[in-house]
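Thank you all for coming; I would like to walk you through one model, residue by residue, and then turn to its ligand. Please have a look at the sequence and the structure before I go on.

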Amino acid sequence: MRQFIRKNIWAAAPVLFVLIAILLMGNPLQAGDVQESQTDKDDNLIVVGVSQVGSESVWRTAHTQSVQDAFTRANGYMLIFDNARQKQANQIKAIRSFISQQVDYIVLSPIEETGWDTVLQEAKDAGIPVILMDRMVSVNDPSLYTAWVGSDFVREGQDAGYWLEDYLKKQGKEQEEVNIVVLKGTKGASATIGRTKGFNQVARLQHNWNILKQADGEFTTAKGKEEMARLLELYDDIDVVVSQNDDMTFGALEAIREAGKTAGVNGDITVISFDAVDAGVELVRNGEINIDVQCNPDQGKYVEQIIQDIQAGKEVEKAYYVPERVYTQENVEEEENVTEGISG
Ligand code: GYE
């Protein structure tokens, strides 16, 4: 028996020797080296924490994509992306987590304008610049964010209003009573506030425009359809629907069809939409949507440029507006006519 054990210990000796050597040396070659160069590389990356509103619309998906395309490793970034699923509390939680992870920049697309003072103060105290995109915040101290990139929502609303004024004039309907319903987006969001304000500024000047109702469609197809169906039941004389994004418009068009009415050019109900995502523009082309006011989701590259400027010690503007256009049947076949630049 003793002999047997001795024999087997000697047989196992080379294996044991290698094992002990590995333990003592802590596997010095592979793992250590790879780890180190990885860490070196990460140290050179700019860490950006992005808090996105959610994924409520086609526009939002494109917006998220533009952010993910801009903050790649190849471009020198480590992106920590958080989808807040339509809850401000989730956005606040994400920002706090970015602060504790000591990210270099926080990028925030805020669901609504109010309620940010405390958490943005925490970011400021931690010395982390905050860049806003898409929607705005309403804070007491503007130094709580460094810059904002987004759309001129009031102008978008005005564009819709001026188009309607012109359209009715061309049809000789400037004296006729025009009944309008509005499908509004997420409550308290800059896009909703601005588009409502801009459109109302024009509407107020028209003695024959009658806004029957403004309903909350929350920027989703399901809610847009539900609200439009309700409005069609309430009123049988709707002339115009102003739908503050394409997703709600898709739902509203279904509701109009199901109510036995027609929409768009030569239809019973004139349709005004916002965003101009591809499917929206397609409906302008086939005449179901009369006008689609573009909202440009391609904002990631501009946010990235701002970060590059800050890195280079350059002064940055407080607000940058992305270029946008409107789509109607008359111009839908024209080339993209917006300039590539961004205005500060
Ligand atoms: O119009 C809508 C999205 O804030 C501009 O949010 C954005 C709006 C956009 O859900 O589709």
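Let me begin with S66, which is found in helix α3, where helices (H or I, at least four residues) and strands (E, at least two) are DSSP runs, numbered from the N terminus. S66 is buried, with a relative accessible area of 7%; buried means under 20% relative accessible area, exposed over 50%, and partly exposed in between, with a 1.4 Å probe and protein chains only. The side chain of this serine, S66, reaches the backbone nitrogen of G300 at 2.9 Å, and that is a polar contact, meaning a pair of N or O atoms within 3.5 Å, where within protein one must be able to donate a hydrogen and the other to accept it, and residues adjacent in sequence count only if both atoms are side-chain atoms.

Before I go further, a word on the source: this is a predicted model, in which local features need pLDDT of at least 70 and side-chain atom pairs count only at pLDDT 80 or more, while totals for chains, interfaces and linings use all residues. Residues are numbered from 1 along each chain as its sequence is written, and side-chain values use heavy atoms, with hydrogens and water left out.

Now to the ligand. Which residues come nearest to the ligand, out of the 13 around it? They are E56, D134, R135, N245 and D275, and a residue is near a molecule or strand if one of its heavy atoms lies within 4 Å of it. The shell around the ligand divides into five nonpolar, two polar and six charged residues; here Ala, Val, Leu, Ile, Met, Phe, Trp, Tyr, Cys and Pro count as nonpolar, Asp, Glu, Lys and Arg as charged, and the others, Gly among them, as polar. Helices α3 (58–70) and α7 (190–203) each supply at least two residues of that shell.

As for individual distances, a side-chain N or O atom of N245 is 2.8 Å from an oxygen atom of the ligand, the corresponding distance for S57 is 3.0 Å, and a polar side-chain atom of R60 lies 3.1 Å from a ligand oxygen. Taken alone, the ligand exposes 300 Å², and the protein buries 100% of that, with accessible areas coming from the Shrake-Rupley method with a 1.4 Å probe, and with only the protein chains shown counting as cover for residues.

D275, which I named among the nearest residues, has its place in strand β9 (residues 270–275), and its phi is near 110 degrees, a positive value in a residue other than glycine. Is D275 buried or exposed? At 4% relative accessibility, D275 counts as buried. Q102 also has a positive phi, of about 55 degrees, although it is not a glycine, but Q102 lies in the loop between α4 (88–100) and β3 (105–108) and, at 66% relative accessibility, counts as exposed.

Finally, some pairs that are apart in sequence. A160 lies in helix α6 and is buried at 0% relative accessibility; its C-alpha atom is separated by 8.3 Å from that of D292, 132 residues apart along the chain. V149, in strand β5 (residues 147–150), is likewise buried, with a relative accessible area of 0%, and V149 and V322, 173 residues apart in sequence, are 7.1 Å apart in space, C-alpha to C-alpha.
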